[in-house]
Amino acid sequence: SSGINAEYGMRIVEYRLGSKELIQNVIKKLLSLAWINPSGESSNINALLSTQDFLKTIQVVSGKDLSDFMSRYVYQPGFTALNFSFAFNRKRNVADVTIRQKPLHDCEKYVGQLTVLVQELDGSFSNLLQVEKNDAPQELTCQSKSR
C-alpha cells in the first residue's frame, strides 16, 4: 500500500535528518508556504507542493542534501528484500549474522550502514552493521554472559 510506503519513507527522512524536531520544522515551513499565495498574502486556498519543494525546504531548514537518498529510494523502481539469519557462538559469545539480499523489480542491492537491535537476557543492544553487495557473515559481540 502506498500509504504504508509513504509513512515508511517519512520515517527514513526523519532518521536521515537526525531528529524529530527537524522534520517537524520542515512540515511547519511547508504548511506556511502552502498558506501564503504567490502575491505574499494569506489565503485559504489549497496549494500544491512538489517533491522538489519538499527537498528544497529540507535543505533550507536542516542544511542536509537528500538528493542521493531520493534518487536511490524514490525515483528508482523496486526495493531490496533483506533476509537475516544468525547463529550464536557460545564459546566466543558472538552472534554470526548473515544478511542475504534479494533485489526486486530490477533495483540495485543495498550498500550502507544498518542498525540492528539485538534482544539479550540483560536487555536490548543496538549494533551498527556495514551491508555490502555480497552476503558475508558479520559478528555481533553479545553483551550478556549466558551459560
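Let me start with helix 1, which contributes the most to the lining of the largest pocket, namely 11 residues; helices (H or I, at least four residues) and strands (E, at least two) are DSSP runs, numbered from the N terminus. Please keep in mind that this is a predicted model, in which local features need pLDDT of at least 70 and side-chain atom pairs count only at pLDDT 80 or more, while totals for chains, interfaces and linings use all residues. Residues are numbered from 1 along each chain as its sequence is written, and side-chain values use heavy atoms, with hydrogens and water left out.

A pocket here is an open set of points on a 1 Å grid over the protein atoms alone, where a 1.4 Å probe fits, with protein on both sides within 12 Å along at least five of seven lines, and lining residues have an atom within 4 Å of a point. The largest pocket is lined by 32 residues, and Tyr8, Gly9, Ile12, Phe69 and Tyr73 are those nearest its centre. Two or more lining residues come from each of helix 1 (2-17), helix 3 (51-62), helix 4 (67-73), strand 1 (79-89) and strand 3.

Turning to the second largest pocket, 16 residues line it, with Phe86, Ala95, Val118, Gln119 and Cys142 the closest to its centre. Strand 1, strand 2 (94-104) and strand 3 each give that lining at least two residues.

Finally, strand 3 (residues 112-120) pairs with strand 4 (residues 123-131) in the antiparallel sense over 9 bridges, where pairing requires that DSSP finds at least two bridges between the strands.
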